[in-house]
Amino acid sequence: MNSDKQEPINIIKNKIDDLNVSVVTKTQYQHLYKGLTEKIYLVNSLEDFLEIRNIVNSIQKKESIDYVITPTEKGVLTGGFIRSFFGIDGPKFEEALATTNKLYMKSKVNEFNIKTAPFESLSDLTQLEYTAQEIGYPIIIKPAVGSGTKNTFKIESREDLLTKQNTNIFDELYDINVPLIVEKFIEMEEYHCDAIINDNQVQFLSISKYLTPPLKSINGYTGSFIIPTDSQIYNRLKQEVYKIVDNLSISKGPIHVELYHTNYDEILFGEIALRPGGGGISKTISMKYDISIWEKSFEAEVIQNISSSLKVNKYICGWVGLPCKNGKLLDFISKEGIYKVDNRIKHIEQHYKVNDTINENTSSTFYLYTLYFEVSKEEDIQNIMKKLDKQYYIVSK
């Protein structure tokens, strides 16, 4: 399990003396909670409202429930439903819906004059060609509920659409039990804004720029770096985050907001999630500000005071995910080899080893390594990337 997924569990384990914890999870994740609690309830899906409602009802008959914590994307909407249904403090159902369903969130922010790329809902894939024609190519199609770039496709033209329809590339979209969203593809620079909200106020904010927008880097290098607060665009992005939090009435917890800076100097809203950013984002924030975004999230969830003191690293901190391949891994650059690429690479996480057989969905979070760097100026990042591009290799069959 990647360290960013293990971290929230470890934080709860460290506070176990103050907590009476029950866990609702799937069978394959049960082992992760060993030593945390004996009260583990297994479900077929974290998105089954009724099944989880019945479990929570049985728990509440024995003891009161003060907080519902949902560290993964799949639990956010269910968590909001449970809080609303049982009157538990924290983000309620509508708030959870506005941070999970892309159709709802984009419609909602548009009500408050927060701009998005043009978009339409799609209930039937047979209507894709008509909808694409209405919006104008190129377009993106993806599930309205979901994280990362899984089942997300860019379509360049009608010819490209017809070619893709003659393959099995859209097969999973037919089986997804959520609406689809079609939106205009915009040429832009992409930023992610990671914040902690408490009492409807932004109490911590980190703004990062992607090396390449994730949709463009699915088969290549993925990563981002935290931009300095004196960057020309920083305050524009900051004000947009504050406007989003205010108008969507985000009450508490972590948020991960995607914003686009277009070639026409517009700031567009991409999407928002009620969770910390994935990939190497949480560790990069730790390098820059000497805090755990997961611990701050936990503090916000349980209404504790959040310390405002930060120890700010003077360097620009960032991360890069080095692409992996499906199949049996025969050979690839060693961790030691990557450290030798540039001495500004400070830490490396390895996710697979030689002879592993990999069968993963291609996405923007499919890495062999995640590395972390510190540089003095933004131009240094491109220098590191050029060196990596020359020396990185991976062989599979």
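Glu301 lies in helix 11, which spans residues 293-301; helices here are DSSP runs of H or I with at least four residues, strands are E runs of at least two, and both are numbered from the N terminus. The model is predicted, so local features need pLDDT of at least 70 and side-chain atom pairs count only at pLDDT 80 or more, while totals for chains, interfaces and linings use all residues. Residues are numbered from 1 along each chain as its sequence is written, and side-chain values use heavy atoms, with hydrogens and water left out.

Although Glu301 is buried, it has no salt bridge. Buried means under 20% relative accessible area, exposed over 50%, and partly exposed in between, with a 1.4 Å probe and protein chains only. A salt bridge requires a side-chain nitrogen of Lys or Arg within 4 Å of a carboxyl oxygen of Asp or Glu. The nearest side chain of opposite charge to Glu301 is Arg83, 4.3 Å away; Lys and Arg count as positive and Asp and Glu as negative, whereas His and the chain ends are not counted. Leaving aside residues up to four places away in sequence, Glu301 touches Tyr67, Val68, Ile69, Arg83, Pro91, Lys252, Gly253 and Pro254, where contact means heavy atoms within 4.5 Å.

Ile11 belongs to helix 1, residues 3-14. Ile11 and Glu295 are 284 residues apart in sequence, yet their C-alpha atoms are 6.4 Å apart in space. Beyond residues up to four places away in sequence, Ile11 touches Ser292, Trp294, Glu295 and Phe298.

Helix 10 (residues 281-289) is mostly covered, with seven of its nine residues buried. These are Ile281, Ser282, Thr284, Ile285, Met287, Lys288 and Tyr289. Asp290 follows helix 10 and has a positive phi, near 60°.

**Cysteines and accessibility**

The structure holds zero disulfides, a disulfide being a pair of cysteine sulfur atoms within 2.5 Å. Cys317 is accordingly in no disulfide, and the nearest cysteine sulfur, that of Cys193, is 17 Å away. The table lists relative accessible areas for selected residues.

| Residue | Relative accessible area | Class |
|---|---|---|
| Cys317 | 0% | buried |
| Ile11 | 9% | buried |
| Cys324 | 10% | buried |
| Leu330 | 37% | partly exposed |

**A nonpolar surface patch**

Leu330 is found in strand 13, residues 327-332. Together, Leu330, Tyr393 and Val395 make a nonpolar surface patch of about 240 Å². Patches are made of residues with over 30% relative accessible area and no salt bridge, like charges being joined within 9 Å and nonpolar side chains (Val, Leu, Ile, Met, Phe, Trp, Tyr) within 5 Å. Accessible areas come from the Shrake-Rupley method with a 1.4 Å probe, and for residues only the protein chains shown count as cover.
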